[in-house]
Amino acid sequence: MLPGAGVLVSVAAAYLGSEPFQTDIVTKDGLHLFLSVYHHVHTGFGDVDDPGAEAALKQLRAGLLNSLADISGHDAFPAHHPLDSPVPQTLLAWLKGANPALRTAACIAVGNLSRSDQASTDLVQKHSAHEPLTAVVADPATSDQQVLHAVLSFLKNLAIPAANKPLLGGLLDPTCLPRMYALDTSPQVQFSAVSLTRLLITNCPENARRICKTSAGGGGGDGDDATIADSIVSLFSRSDAEPTRMESARSILALCRALHSGSSPEVVLQDWHTDSSSSSPASSFEEKRSAFYQKHAFSKPLSFLVAQQKWPTMRSEALFVLALMCRSRDGSRVVLSILDDDNTKILTELVTGGKKTSGTETETAAAGQIEAGHEEKQQDDSSADDVAALTTKLQLEPQQVDPRQRETMGKVDRENCLVLVTELLRHRGGDGDGDGGMPEARRGVLRDLVRRALAA
């Protein structure tokens with residue numbers, strides 16, 4: 001069986017690895033033959049008893065898969081083989097078939113075709129390519145790492161267009177992506193699963209709503225099971241892989257953003273309930289959100305995004321969302337919970353541009369609020385005036401950073417930090433460590449930042 005297989009593999013690999021040869025295959029209709037060979041190599045052989053022949057066949061299959069990835073990623077491929085033409089239709093048929101090797105090949109090849117928003121939208125809305133992929137994700141018997149990685153990578157491309165996100169929402173059912181968060185022995189699958197989760201909930205309230213449900217279908221009651229958001233926090237806490245921790249934290253950040261922005265944030269907690277009898281829809285939503293935050297430990301993931309320095313754009317995104325959150329009392333409580341000494345130092349450096357303060361100035365900012373008598377009252381009054389003055393002077397609103405304009409990132413970060421500081425002082429500027437306010441020293445530092453911003 002497979003006579004001269006070693007020579008065949010070497011020759012095939014040499015030709016298929018050549019870019020001019022790949023161009024000819026793509027542009028001169030050679031793909032039909034290539035796919036026919038690929039199909040035969042994966043279906044035309046039964047058990048191979050000869051160890052040498054078996055190794056050669058395995059090598060040939062691996063080489064053909066690499067070649068298919070290169071060929072389908074060729075710049076000329078989409079123009080010569082649009083989605084409705086025979087070659088992509090053959091690949092889509094493989095995608096919906098039962099052969100794991102052909103399905104993996106189709107995921108890689110069609111996934112390369114989904115690198116544009118239009119192609120991704122057509123694949124979901126015209127060709128229903130997501131349906132067999134969802135079935136693979138939901139199948140607990142699927143454990144092949146190569147298959148899962150190919151499927152999840154393809155789905156990540158499909159999840160980018162906004163119009164696709166609601167149609168892919170079924171992936172957030174507990175039996176699909178969330179089950180993969182627990183695969184601690186497969187860190188790459190975990191990473192891909194939580195990364196896809198983040199894409200699905202970003203700017204899609206309906207999908208964000210899915211991860212706020214408990215497995216019992218509701219929320220807020222003491223006896224309810226954990227939510228998918230809890231599972232993401234758990235993954236963040238367990239994982240030693242920095243990229244997985246980052247994607248977990250960004251998923252939580254995307255959820256927080258959905259709870260504080262957009263035209264209908266109340267949709268996110270539509271299934272959540274409280275015992276309040278409030279008749280005001282706005283109050284009811286704020287009460288739901290407050291109860292939701294109290295039942296979820298978001299502080300560490302959010303703090304991680306602010307404290308890390310490896311990805312400045314991610315920190316900028318976090319500051320933008322935290323500034324949004326600070327505009328409400330319940331959101332400001334969450335932000336205050338992450339404002340330890342290190343994160344306060346980061347805020348200070350971002351507002352001041354990294355300028356150092358003298359020891360005397362720092363001590364005065366931290367301790368100036370404990371002076372007795374009428375001086376403390378006067379300082380409190382002036383601080384409130386300073387917060388109002390800064391808001392009026394700068395017309396501060398949270399701003400999202402544009403990662404393509406890195407030169408403006410520092411300015412946007414500074415203004416978002418100032419929004420965060422002024423709103424924290426507005427909502428949490430009272431006395432004490434409890435729900436009514438923040439620690440005295442922390443309040444002093446934030447007030448000093450306000451004064452310095454006014455003086456700038």
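The lining of the largest pocket splits into 11 nonpolar, 6 polar and 4 charged residues (Ala, Val, Leu, Ile, Met, Phe, Trp, Tyr, Cys and Pro count as nonpolar, Asp, Glu, Lys and Arg as charged, and the others, Gly among them, as polar). You're looking at a predicted model, where local features need pLDDT of at least 70, side-chain atom pairs count only at pLDDT 80 or more, and totals for chains, interfaces and linings use all residues. Residues are numbered from 1 along each chain as its sequence is written, and side-chain values use heavy atoms, with hydrogens and water left out.

**Stop 1: the pocket.** Select Thr202, Asn203, Arg257, Glu317 and Gln400, which lie nearest the centre of the largest pocket among its 21 lining residues. Helix H12 (187–201), helix H15 (242–260) and H18 each give two or more residues to that lining, and H15 has the largest share, with 5. The volume is about 500 Å³. On a 1 Å grid over the protein atoms alone, a pocket is an open set of points with protein on both sides within 12 Å along at least five of seven lines, while a cavity is a set where a 1.4 Å probe fits but cannot get out; lining residues have an atom within 4 Å of a point. Helices here are DSSP runs (H or I, at least four residues), numbered from the N terminus.

**Stop 2: Asn203.** Stay on asparagine 203, in the loop between H12 and helix H13 (205–212). Its phi is near 60°, positive in a residue other than glycine. Most residues other than glycine have a negative phi. Is asparagine 203 buried or exposed? Asparagine 203 is exposed, at 62% relative accessible area (buried means under 20%, exposed over 50%, partly exposed in between, with a 1.4 Å probe and protein chains only).

**Stop 3: Ser128.** Now jump to the loop between helix H8 (117–125) and helix H9 (130–138), where you'll find serine 128. Serine 128 also isn't a glycine, yet has a positive phi of about 50°. With a relative accessibility of 24%, serine 128 counts as partly exposed.

**Stop 4: the cavity.** Next, select Val306, Leu319, Leu322, Val335, Ile338, Leu339, Asn343, Leu347 and Leu420, the lining of the largest cavity. Helix H18 (312–325), helix H19 (329–338) and helix H20 (341–352) each give two or more of these residues. What classes are they? The lining has 8 nonpolar residues, 1 polar and no charged. Volumes are the space filled by probe spheres set on grid points, which are joined across faces, edges and corners.
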